[in-house]
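Student: I would like a close look at just one part of this model, please. Start with any term I need, then take me through it in one go.

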Amino acid sequence: MQCSISECKEKAMQTVQISFKETRNLCKNHYKLFKNKDETHVPTFSKASKI
């Protein structure tokens, strides 16, 4: 089974439910992106100079 993302040619490893009726077969890389889509990342700020 091939990944459902059109430009991807890798083998699918996981079937994921996108919406109520739609499912997609995702490869390892796209599954990792889908799994982390709701994760929030806190930015870290630093000063550019001490002037």
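Tutor: Let's begin with the term: a salt bridge is a side-chain nitrogen of Lys or Arg within 4 Å of a carboxyl oxygen of Asp or Glu. This structure holds one salt bridge, and we will meet it in the part we are about to explore. Please keep in mind that this is a predicted model, where local features need pLDDT of at least 70, side-chain atom pairs count only at pLDDT 80 or more, and totals for chains, interfaces and linings use all residues. Residues are numbered from 1 along each chain as its sequence is written, and side-chain values use heavy atoms, with hydrogens and water left out.

Our part is a hairpin formed by strand 1 and strand 2, with five residues between them. Strands (E, at least two residues) and helices (H or I, at least four) are DSSP runs, numbered from the N terminus. Strand 1 covers residues 14-17 and strand 2 covers residues 23-26; they run antiparallel and are joined by four bridges. Two strands count as a pair if DSSP finds at least two bridges between them.

Now back to the salt bridge. The side chains of R24 and E22 meet in it, at 2.7 Å from N to O. R24 is partly exposed, at 30% relative accessibility, and E22 is partly exposed too, at 31%. Here, buried means under 20% relative accessible area, exposed means over 50%, and partly exposed lies in between (1.4 Å probe, protein chains only).

Next, look at two cysteines. A disulfide is a pair of cysteine sulfur atoms within 2.5 Å, and a search of the whole structure finds zero of them. For C8, the nearest cysteine sulfur is that of C27, 3.7 Å away, and C8 is in no disulfide. C27 is in no disulfide either, with the sulfur of C8 as its nearest, 3.7 Å away. C8 is buried, at 8% relative accessible area, and C27 is buried, at 0%.

For contrast, S6 sits in the segment before strand 1 and is exposed, at 62% relative accessible area.

How confident is the predictor in strand 2? Its mean pLDDT is 90, the highest in the protein chain, while helix 1 (residues 28-35) has the lowest, at a mean of 87. This score is the predictor's confidence in each residue, from 0 to 100.
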